[in-house]
Amino acid sequence: MTSLSVSRRTILAGAAIAGALTQVRSAAAGAAAGAEAVLTPAAPDVASLPRVKVKLVDPPFVHDHEPVASTGPRVVEFEMTIIEKKITLDDSGAEYWASTFNGTVPGPLMVVHEGDYVELTLINDAANELMHNIDFHSATGALGGGALTQVNPGEKCVLRFKATKPGVFVYHCAPPGMVAWHVVSGMNGAIMVLPRDGLKDRAGKPVTYDKVFYIGEQDFYVPRDEEGRWKTYASPGESYEDVVTVMKTLTPTHVVFNGAVGALTGDNAMKAKVGETVAFVHSQANRDTRPHLIGGHGNHVWATGKFRNPPEEGLETWFIPGGTAGLMVYTFEQPGVYAYVNHNLIEAFELGAAAHVVVEGEWNDDLMMQVVAPAAAV
Ligand SMILES: [Cu+2]
C-alpha cells in the first residue's frame with residue numbers, strides 16, 4: 001500500500017464519521033427542543049469556573065501539580081501536538097515510524113483533580129501524513145472523545161470532558177480501522193485524576209509523594225527483510241502493511257520503557273534519595289505487564305489505577321492489564337542502582353523493558369549487609 005492511499009483512506013474515514021456525527025448532533029438537538037431535560041446544559045457552569053493553563057513536560061517527568069487540591073474544580077487547559085517521527089529503538093539500529101502525542105513515546109502525563117474539566121487542544125502537525133484522534137479512558141462519552149477529535153494534518157480541535165472518576169487512566173489514538181497500528185506506533189499516554197483531598201492508604205491515612213515518574217511501556221513490531229535485517233521506510237504509510245503483518249504474530253520485536261531500549265538507564269536513569277517517596281505511574285495501552293522494583297517493594301499499589309479502591313500494600317510484583325495505567329508509591333530506604341523492570345524477564349532483559357532508579361543516601365546495615373565477602377570456599 002502506498003502512503004498516499006493510506007492517507008486518503010484515513011481522511012475519508014474521518015469525513016464519513018464526521019458526517020455521521022453531524023446527524024447525531026442534529027437528532028439530539030431536535031429531541032432537546034421537545035424535552036429540554038434530554039441534554040444537560042453544562043456550558044454555563046463551566047464558564048464560571050477558574051481556568052488554568054498547564055504546560056506538559058516530557059516523560060518520565062511530570063508537570064507541577066498539587067497532590068491535594070487547594071481550590072475547587074477548575075478547567076485545566078492542555079495542548080498537545082501530534083508528531084509523526086522516525087525513532088531509533090535500540091543500538092542495533094532498529095528504526096520505526098512512530099506516531100506520537102507531543103513528540104514522545106509515551107505522550108505526556110496529565111494530572112488533574114476529580115471534578116476538574118480537562119480541556120485539550122489537539123493539533124495534528126501539518127507535516128504529518130495521517131489522521132489522528134484521542135480516546136481518553138478517563139472520559140465519559142462514546143469513544144472517549146475519539147469521534148469528536150478526528151484531526152487531519154494541519155487541523156486542530158478542542159475537546160472538553162469532566163474528570164468524574166479518580167484514578168490513573170490511559171489515553172490513546174483510535175482512528176477508525178487503524179486503532180491497533182496507531183497505539184503500537186507509540187500513540188498513547190496517561191492522565192492521573194487525583195482525589196481532591198489526595199491519595200489515601202487502606203486505613204484512610206494520606207499517602208503523599210515527593211516526586212512522580214511516568215513510565216510508558218510500549219511494544220513495537222518492526223519488520224525484517226529476508227536476511228533478518230530491520231527494514232526501513234520512507235513514511236508511516238509505506239510501513240503500514242509490513243508492520244501489521246508483524247503485529248498479527250502477537251510477538252513484539254521490542255518491549256521498551258519510554259520509547260527505546262535504555263531510555264531510562266545510564267545517564268537517563270530516574271533519580272531519588274533515601275527517604276524520598278516516589279510515585280511511579282506505569283501504563284501499557286496494548287499488552288499486559290507486571291512491574292517490579294528489584295530490591296524494593298510496592299508500598300502502596302493501585303495496580304489497576306483507580307483510587308476509589310484501597311491500594312494493596314507491600315507488593316513484590318503487580319499486574320497491570322493491557323489498556324490500563326497503574327500507580328505504585330515507594331519510599332526508598334537504601335541507596336544504590338535499582339532496576340525497575342517488567343518481571344517477564346525475557347521482555348525486560350532481551351526486549352528492553354527495564355529502567356534504573358539511582359538512589360543516593362546512607363546504607364542501612366540493619367536492612368542488609370555483606371556478612372562475608374565472596375572468597376575461596378576452602
Ligand atoms: Cu494516531
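Let's start with strands S20 (residues 336-342) and S21, which pair in the antiparallel sense over six bridges. This is a predicted model, so keep that in mind as you look around. Within that pairing, Tyr340 stands opposite Ala355 in S21. S21 (residues 354-360) has another partner too: strand S14 (residues 270-273) runs parallel to S21, joined by four bridges. Here you'll find Lys273 facing Glu360 of S21.

Now for a sheet. Six strands make up an open sheet with mixed pairing, in the order S13-S12-S15-S19-S17-S18. At its edges sit S13 (254-257) and S18 (312-315), each pairing on one side only. On average, neighbouring strands in this sheet are turned by 25° against each other, direction ignored. Inside that order, S12 (residues 211-220) and S15 (residues 277-284) run parallel, and Val212 has Ala279 in S15 as its bridge partner.

| Pair | Sense | Bridges |
|---|---|---|
| S12 and S15 | parallel | seven bridges |
| S14 and S21 | parallel | four bridges |
| S20 and S21 | antiparallel | six bridges |

What about the nonpolar core? The largest one has 90 residues, and Ala190, Met192 and Val281 have the most contacts inside it. Domain 1 (3-25 + 50-195) and domain 2 (214-360) both give residues to this core, so it lies between them. In soluble globular proteins, nonpolar side chains tend to be buried together.

Which residues does Val281 touch, leaving out those up to four places away in sequence? Among them are Ala190 and Met192, along with Leu109, Val168, Val212, Tyr214 and Leu327.

Technical notes. Residues are numbered from 1 along each chain as its sequence is written. This is a predicted model: local features need pLDDT of at least 70, side-chain atom pairs count only at pLDDT 80 or more; totals for chains, interfaces and linings use all residues. A nonpolar core is a set of buried Ala, Val, Leu, Ile, Met, Phe, Trp, Tyr and Cys residues joined through C-beta atoms within 7 Å. A residue is buried if 20 or more other C-beta atoms lie within 10 Å of its own, exposed if 12 or fewer, and partly exposed in between; C-beta atoms are placed from the backbone. Domain bounds come from an automatic or database domain assignment. Two residues are in contact if their C-beta atoms, placed from the backbone, lie within 7 Å. Two strands pair if DSSP finds at least two bridges between them. Helices (H or I, at least four residues) and strands (E, at least two) are DSSP runs, numbered from the N terminus. Axes are lines fitted to C-alpha atoms, for helices over the stretch in contact, and angles run from 0 to 180 degrees between N-to-C directions.
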